[in-house]
Amino acid sequence: MQSLKIGLALGGGGARGLAHIGVLKVLLQAGIHPYCITGTSMGGIIAAAYALGHPIIEIETQALKLSKPRQLIRLLDISPDRRGLLEGNRVRSYIRNWLGEEHTFENLMIPLALNATDLLSAQEITLREGPLLPAVLATCTVPGLFAPYELGPYRLVDGGVLNNLPVRQAYELGAEFVVAINVQTDPRLEIPHGQVPLKIQWPFTLPEFFVDFYWAELIMVSELTKHQIEQCPPNIEIYPQLSPEITMFLGFPRASEIIAAGEKAAKAALPQILAALE
C-alpha cells in the first residue's frame with residue numbers, strides 16, 4: 001500500500017484548519033504515511049510542521065495551547081499603520097520559535113509545497129524551495145489582518161485568496177493519490193437558504209456590514225474551491241463537519257472540538273481510502 005505515492009492537501013480556514021490534526025492522527029494510526037504534503041494558510045502551518053518531522057501529538061499540543069484565551073491575547077499586537085489590523089510580529093515570532101528559522105524545503109522529511117498570492121502580479125505563487133520560514137509566514141498572511149509579506153520580487157498574502165485547497169501542487173510534487181481536506185465553511189451546504197447567520201458569536205460587538213463582508217468572503221472562497229476541484233480533482237475529499245459558528249479567526253477556543261471533528265471525518269473516509277489504495 002505504501003508503494004503508492006500518497007499526497008495530502010491541507011486547505012486554509014484559520015482556526016477551522018486545526019481539523020487537519022485530527023485527520024492526520026487517524027491516517028497515521030491506520031498506517032497511511034504521505035509521500036508529500038501541501039498546505040494553504042493554517043493548512044500550510046500544519047503541513048510544514050509535519051514535513052519537518054514534528055510528531056502529530058506535539059502539533060496537537062501546540063493547537064490546544066492556542067485554545068486558551070490568555071495565549072491568544074498574547075499574540076495580538078494592534079498595527080499603528082493600518083496596513084493590517086494586527087502588526088503580526090507576535091504571531092510570526094510564535095511560528096518562528098516553534099518551527100525554527102534555519103530550515104529549508106530541501107532538508108524536510110517529505111516534499112512540501114505552500115501557496116501564496118502575489119498582489120503585484122495578481123497570481124498564485126507556489127513556494128517549494130529555499131528557506132522554509134518565509135514561505136510559512138507568507139501563506140498565512142491574511143489580507144486585512146496582517147500587512148503583506150515581502151519576499152523577493154513578491155508582495156504576498158494568504159494563498160486562500162486564489163487557491164484555498166492546493167490539490168494541483170500535490171500532483172506536481174509527484175503524488176499518485178491525493179487526499180484533500182477542505183475545512184472552509186461552505187454556505188451552500190451548511191446554511192439553509194435565506195438564513196445568513198447575522199448573529200455569529202463574536203466576543204465583541206461588530207457592525208452588520210462586517211458580517212456581510214465575512215459571509216461574502218466565504219461564498220467567494222467556496223466557489224473558487226469548487227471550480228478548482230472540478231479542474232483538478234483529488235482522489236478523496238474529506239470535509240469535517242464544523243458549525244458555521246466556529247469562525248476562522250475566533251474559533252481557537254474550540255480547538256478540541258475542531259480536532260475531534262477532523263478525526264470523525266477521517267474515520268468515515270478511511271474505508272474508502274483503504275479500498276482505493278488496495
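This is a predicted model: local features need pLDDT of at least 70, side-chain atom pairs count only at pLDDT 80 or more; totals for chains, interfaces and linings use all residues.
**Pocket lining, helix packing and overall make-up**

User: Which residues lie closest to the centre of the second largest pocket?
Analyst: The pocket holds about 150 Å³ of space. Its lining has 13 residues, which divide into four nonpolar, five polar and four charged. The closest to the centre are Asn182, Asp186, Arg188, Leu189 and Glu237.

User: At what angle do helix α1 and helix α2 pack?
Analyst: Two packed helices are described by the angle between their axes and the distance between the axes. Helix α1 covers residues 19-29, helix α2 covers residues 42-51, and their axes are 10 Å apart. The angle is about 35 degrees.

User: How many residues in the contact of α1 with α2 are charged?
Analyst: On the α1 side the contact is made by His20, Ile21, Leu24 and Leu28, and on the α2 side by Gly43, Ile46 and Tyr50. These divide into five nonpolar and two polar residues. The number of charged residues is none.

User: What percentage of the residues of the protein chain count as buried?
Analyst: The protein chain has 10 helices and eight strands. Its accessible surface comes to about 12900 Å², with 57% belonging to carbon and sulfur atoms. Buried means under 20% relative accessible area. Of the 278 residues, the share that counts as buried is 55%.

Definitions and conventions. Residues are numbered from 1 along each chain as its sequence is written. Side-chain values use heavy atoms; hydrogens and water are left out. Axes are lines fitted to C-alpha atoms, for helices over the stretch in contact, and angles run from 0 to 180 degrees between N-to-C directions. Helices (H or I, at least four residues) and strands (E, at least two) are DSSP runs, numbered from the N terminus. Contact means heavy atoms within 4.5 Å. Ala, Val, Leu, Ile, Met, Phe, Trp, Tyr, Cys and Pro count as nonpolar, Asp, Glu, Lys and Arg as charged, and the others, Gly among them, as polar. On a 1 Å grid over the protein atoms alone, a cavity is a set of points where a 1.4 Å probe fits but cannot get out, and a pocket is an open set with protein on both sides within 12 Å along at least five of seven lines; lining residues have an atom within 4 Å of a point. Grid points are joined across faces, edges and corners, and a volume is the space filled by probe spheres set on the points. Buried means under 20% relative accessible area, exposed over 50%, partly exposed in between (1.4 Å probe, protein chains only). Accessible areas come from the Shrake-Rupley method with a 1.4 Å probe; for residues, only the protein chains shown count as cover.
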